[in-house]
Amino acid sequence: MINQMRADLYRQSRTKGLYILLALTIALSVLITASKQVGGVMVTDEDLGKQMTEMTQMSWSALTGVKAMTMSSSLLMYFYIGLFVIVVGYEFSQKTYKNTLISGISRLQFIAAKYVVLLVDLLVLSAIYYAASIITSLIAGRGIGESWGTLLSDTAVMTIAIAFFMSVIFSLAIILLMATGSTIIPAVFVIIWPIAVAMLTFFAHWSWLKYVDFVTVAQNVSLSIITSSQLWPYIGVSLGILALTIVGSALIIRNKEL
């Protein structure tokens with residue numbers, strides 16, 4: 001499994017698409033911070049929407065920029081569909097995953113390695129996303145907004161929350177890829193999921209959907225709208241989904257003809 005992860009990370013380092021995603025991540029961060037604009041694909045939470053409105057009317061600091069990054073983080077998921085294709089989709093579109101599987105690695109280890117690499121990529125890119133905002137704020141001559149220790153601690157929490165909950169959505173895309181063999185269907189799913197959850201929440205008023213509205217959950221956790229005592233059900237659901245998707249993907253791929 002470790003060798004598989006090393007191979008994937010090495011292959012990524014030779015892929016131009018990864019550097020394009022890196023450039024887009026930095027560009028989005030700089031654009032939002034420099035222009036003092038906040039936005040995302042969908043906002044379904046009243047508290048989050050209120051914070052977004054208030055932010056557009058206040059004087060910005062580095063802390064404000066970091067919070068703006070969080071509120072706009074739903075845009076990242078659409079960029080990182082490309083990351084999903086690089087990490088997971090490429091081998092299946094080229095059918096080269098068969099060579100890996102016959103080398104001795106188990107199906108479960110193969111899928112788990114793909115997920116871990118994807119999660120590491122999301123963590124690194126998310127950290128760069130926030131770091132670019134802080135640097136842009138400093139270049140613009142803005143204040144920090146709080147102590148450096150607190151700012152870095154808050155940024156670390158936001159980075160982990162955004163990357164982890166985003167990875168849960170991509171884990172669902174992985175099992176769809178294993179089941180269908182198509183990279184298009186998982187990509188469309190990633191696009192539709194947050195919008196579909198938001199629409200169902202609004203029209204059907206199903207309160208349980210908040211546990212699978214991973215984009216909004218990540219934002220609420222990062223901005224302390226969801227407290228630590230309220231977080232455990234969300235983590236439990238997310239870990240349950242990860243277990244099901246990773247094991248389920250391994251079972252599906254086991255039945256595929258090599």
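Helix axes are taken here as lines fitted to C-alpha atoms, for helices over the stretch in contact, with angles that run from 0 to 180 degrees between N-to-C directions. The structure is a predicted model, in which local features need pLDDT of at least 70 and side-chain atom pairs count only at pLDDT 80 or more, while totals for chains, interfaces and linings use all residues. Residues are numbered from 1 along each chain as its sequence is written, and side-chain values use heavy atoms, with hydrogens and water left out.

The secondary structure of the protein chain comprises twelve helices and zero strands, where helices (H or I, at least four residues) and strands (E, at least two) are DSSP runs numbered from the N terminus. Of the 258 residues of the chain, 47% count as buried, a term that stands for under 20% relative accessible area, against over 50% for exposed and values in between for partly exposed (1.4 Å probe, protein chains only). Among the contacts with a separation of 6 or more, 82% are made by residues 24 or more positions apart, contact being defined as heavy atoms within 4.5 Å.

Helix H8 (residues 107-139) packs against H1 (residues 2-13), and the two axes come within 9 Å and cross at roughly 45 degrees. H1 and H8 are therefore oblique to each other, given that angles under 35 degrees count as roughly parallel, over 145 as roughly antiparallel, 65 to 115 as roughly perpendicular and the rest as oblique. The crossing of H1 and H8 is right-handed, a crossing being right-handed if the near helix is turned clockwise from the far one by less than a right angle and left-handed if anticlockwise. On the H1 side the contact includes Met5 and Leu9, which belong to a set of residues that meets, among others, Phe110 and Val117 in H8. By class, this contact has six nonpolar, two polar and four charged residues, where Ala, Val, Leu, Ile, Met, Phe, Trp, Tyr, Cys and Pro count as nonpolar, Asp, Glu, Lys and Arg as charged, and the others, Gly among them, as polar.

The axes of H2 (residues 16-35) and H8 come within 8 Å and cross at roughly 35 degrees, and this crossing is also right-handed. Residues of H2 including Leu22, Thr25 and Ile26 meet a set in H8 that includes Leu125, Ile128 and Tyr129. The contact of H2 with H8 divides into ten nonpolar, six polar and no charged residues.

Leaving aside residues up to four places away in sequence, Tyr80 touches Leu21, Thr25, Leu122, Leu125, Met166 and Phe170.

Val168 also lies in H9 and, at 0% relative accessibility, counts as buried. Beyond its neighbours within four places in sequence, Val168 is in contact with Phe214, Ser238, Ile241 and Leu242. Val168 and Val215 are 47 residues apart in sequence and 9.9 Å apart in space, C-alpha to C-alpha. Nine of the nine residues of H11 (residues 214-222) are buried, so this helix is largely enclosed by the rest of the structure. Just after H11, Ser224 takes a positive phi of about 65 degrees.
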